[in-house]
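Subject: Structure handover

Hello,

The structure we discussed is below, and my notes on it follow. Please read them with the model open.

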Amino acid sequence: MPDAKDREDLLTVGEIARRSGLAVSAIHFYEAKGLIHGMRDWRNQRRFSRRELRILALIKVAQRLGFTLEEIKDTFRDLPQKRVPSKSDWRKISQAWKEALQAKIELATTMRDQLNLCIGCGCLSLKDCPLRNPEDALSAQGPGAHLI
Ligand code: FES
């Protein structure tokens, strides 16, 4: 429970929406998804700490980078719940996002190169098409049956 000073710093849903540049409905959406956390004040009204304002900024950056809400939620699991994320927290998150982005770039590059094989083909063969059967590890052993 926040102390008296903290309670003065709590924001209404309208205030946090205005300060984050988001719609009130977006605030409720992110709360329902478990990405931000509100609390009830003594009048039973919903309030948000300034930590949640920072979390909303992180969500917007992550979405610009192409991460899904589930991926964002996974990243936030290790964040402290009681304080605003620090520079050190941001360093860890941005490093994790950089590595995840690199993996996505490598996957997209591989798929683009595989798509080159498909242009003008249209077979969509389970046996031959790398996009139709991307897990075909046996194809690396050459054509024909390998498990008989
Ligand atoms: S469509 Fe023929 S190889 Fe992909």
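**The loop around aspartate 41**

Aspartate 41 sits in the loop that runs between strand 1 (39-40) and strand 2 (46-47). Please keep in mind throughout that this is a predicted model. Aspartate 41 counts as buried because its relative accessibility is 11%, and the cut-off for buried is under 20%. Its side chain reaches the backbone nitrogen of arginine 43 at 2.9 Å. The side chain of aspartate 41 also makes a polar contact, at 3.3 Å, with the side chain of arginine 47. Asp41, Arg43 and Arg47 are linked in a network of salt bridges.

**Other salt bridges**

There are nine salt bridges in the structure. In general, side chains of opposite charge can pair when their charged atoms come close.

One of the nine joins the side chains of lysine 104 and glutamate 71, with an N to O distance of 3.2 Å. This pair links distant parts of the chain: lysine 104 belongs to helix 6 (residues 87-118) and glutamate 71 to helix 5 (residues 69-76), and the two are 33 residues apart. Lysine 104 is partly exposed, with a relative accessible area of 32%. Glutamate 71 is also partly exposed, its relative accessible area being 29%.

Aspartate 74 forms a salt bridge with arginine 77, and their closest N and O atoms are 2.6 Å apart.

**The nonpolar core**

In soluble globular proteins, nonpolar side chains tend to be buried together. Here the largest nonpolar core has 23 residues. Which of them touch the most other members? They are Ile27, Tyr30, Ile36, Leu56, Ile59 and Phe76. Two or more core residues come from each of helix 2 (13-20), helix 3 (24-32), helix 4 (50-64), helix 5 and helix 6. Helix 4 gives the most, with six residues.

Isoleucine 27 shows how parts of the chain meet. Leaving aside its neighbours within four places in sequence, isoleucine 27 is in contact with Val13, Ile16, Ala17, Ser20, Leu22, Ile36, Phe48 and Leu56.

**Helix 6 and the cysteines**

Helix 6 has 32 residues. From its first C-alpha to its last it reaches 46 Å, close to the 46 Å expected at 1.5 Å a residue. Which residues of helix 6 are buried? They are Asp89, Ile93, Trp97 and Cys118, and the buried residues of this helix pack against helix 4 and helix 5. Just after helix 6, glycine 120 takes a positive phi of about 80 degrees.

Cysteine 118 counts as buried because its relative accessibility is 18%, and the limit is under 20%. Cysteine 121, by contrast, is partly exposed, with a relative accessible area of 45%. How many disulfides does the structure hold? The number is zero.

Regards

Notes:
Residues numbered from 1 in each chain as written. Predicted model: local features only at pLDDT ≥ 70, side-chain atom pairs only at ≥ 80, totals over all residues. Heavy atoms only, no water. Helix = DSSP H or I, 4+ residues; strand = E, 2+ residues; numbered from the N terminus. Buried < 20%, exposed > 50% of the residue type's maximum accessible area, 1.4 Å probe, protein only. Polar contact = N/O pair within 3.5 Å; in protein donor to acceptor, adjacent residues only side chain to side chain. Salt bridge = Lys/Arg side-chain N within 4 Å of Asp/Glu carboxyl O. Core = buried A, V, L, I, M, F, W, Y, C linked by side-chain atoms within 4.5 Å. Contact = heavy atoms within 4.5 Å. Disulfide = S-S within 2.5 Å. Expected span 1.5 Å × (residues − 1).
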